[in-house]
Amino acid sequence: MSGSGPPAASAAAPRLALEPFRLAQCPPAAYYIPDFITEEEEGYLLKQVYGAPKPKWTQLSGRRLQNWGGLPHPKGMVLERLPPWLQAYAERVSSLGVFGGKRANHVLVNEYRPGEGIMPHEDGPLYFPTVTTINLGSHTLLDFYHPVSRGQQTEGQEEPTLPTEEQRHFLSLLLKPRSLLVLQEDMYSRYLHGIRLVPQDTITEKVANTGGCGCALGDTLERRTRVSLTIRHVPRVLKTSIILGRQK
């Protein structure tokens with residue numbers, strides 16, 4: 001992996017005010033910043049991702065990933081220092097004030113090839129209730145779903161029947177390369193999010209942020225390989241000596 005630092009654009013980037021990027025079409029709160037990084041920065045980050053040691057990759061169903069910063073755990077995370085190429089962007093995202101004055105200390109690097117995705121899920125309580133994502137290489141549609149609640153049933157049915165995933169889907173966001181997405185409040189804690197396992201995406205009326213993206217209803221976008229940097233803050237951090245059960 002290259003030992004050189006990130007492009008100068010990342011260090012010189014001005015502090016952004018987040019509010020102008022709030023998506024009014026979404027429940028509270030989603031912020032979408034197009035061109036958060038430059039093409040040069042995108043190329044630099046992709047080079048670092050694919051230059052990481054092979055053991056850093058973990059293959060999962062539908063994607064593969066790298067875990068940086070430590071392994072989140074209910075008892076706490078043993079903190080590992082982020083590499084400089086990630087630390088620079090963790091600091092840049094933290095400067096937006098999205099982690100309540102704290103700094104990002106954890107990054108998941110996800111690779112999605114065309115046709116890959118992730119089932120609807122929530123990020124859970126191990127993290128500060130904000131998730132930020134820098135998108136590299138390709139667009140995707142991030143889909144949002146109402147959770148399944150007890151007692152939900154289809155009207156007129158004697159036996160309760162749960163709504164389908166498609167019936168629970170209520171909104172999508174188009175994430176383009178070099179953009180930053182920030183999810184907080186209900187968009188983080190109330191709704192599920194996922195990426196469909198398809199090789200292409202169609203722009204429908206459920207895509208909330210098509211304005212200014214150069215897309216129209218009915219357009220079909222072919223996916224390429226996408227890499228996402230999911231940057232978060234893990235509040236509960238433990239010292240290694242506590243985990244190992246011995247004092248230094």
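These notebook entries record what I looked up in a predicted model.

**Entry 1. The sheet**

I began with the strand order. Seven strands form an open sheet, and I read their order as β1-β10-β7-β14-β5-β3-β2, with antiparallel pairing. I then turned to the edges, where β1 (30–33) and β2 (57–60) stand; each has a single partner strand, so one side of each is left without a neighbour in the sheet. From one strand to the next, I noted a twist that averages 20°.

Strand β7 (residues 130–136) and strand β10 (residues 180–184) run antiparallel and are joined by five bridges. I noted Val182 in β10 as the bridge partner of Thr132.

**Entry 2. Helices on the sheet**

Next I looked up helix α2 (residues 39–50), which packs on the sheet. Helix α2 touches β2, β3 (63–68), β5 (106–112), β7 and β14 (226–232), and its direction makes about 90° with that of β14. I then followed helix α3 (residues 84–94), which lies across β3, β5, β7, β10 and β14 and runs at about 60° to β14.

**Entry 3. Thr225**

I located Thr225 in the loop between β13 (220–222) and β14. Leaving aside residues up to four places away in sequence, I listed its contacts as Tyr50, Glu111, Tyr112, Arg113, Pro114, Leu136, Gly137 and Ser138. For Thr225 and Tyr112, I noted a C-alpha to C-alpha distance of 5.7 Å, although they are 113 residues apart in sequence.

**Entry 4. The cavity**

I searched the whole structure for cavities of 30 Å³ or more and found one. The largest cavity holds about 50 Å³ of space. Its lining includes Tyr112, Arg113, Pro114 and Ser138, and also Arg223, Arg224 and Arg226. By class, I recorded three nonpolar, three polar and five charged residues in this lining.

I divided the lining of the largest pocket into 14 nonpolar, eight polar and five charged residues.

The second largest pocket has a volume of about 230 Å³. Among its 16 lining residues, I noted Tyr32, Pro34, Lys176, Gly212 and Cys213 as the closest to the centre. Its lining has seven nonpolar, six polar and three charged residues.

How values were computed. Residues are numbered from 1 along each chain as its sequence is written. This is a predicted model: local features need pLDDT of at least 70, side-chain atom pairs count only at pLDDT 80 or more; totals for chains, interfaces and linings use all residues. Side-chain values use heavy atoms; hydrogens and water are left out. Two strands pair if DSSP finds at least two bridges between them. Helices (H or I, at least four residues) and strands (E, at least two) are DSSP runs, numbered from the N terminus. Axes are lines fitted to C-alpha atoms, for helices over the stretch in contact, and angles run from 0 to 180 degrees between N-to-C directions. Contact means heavy atoms within 4.5 Å. On a 1 Å grid over the protein atoms alone, a cavity is a set of points where a 1.4 Å probe fits but cannot get out, and a pocket is an open set with protein on both sides within 12 Å along at least five of seven lines; lining residues have an atom within 4 Å of a point. Grid points are joined across faces, edges and corners, and a volume is the space filled by probe spheres set on the points. Ala, Val, Leu, Ile, Met, Phe, Trp, Tyr, Cys and Pro count as nonpolar, Asp, Glu, Lys and Arg as charged, and the others, Gly among them, as polar.
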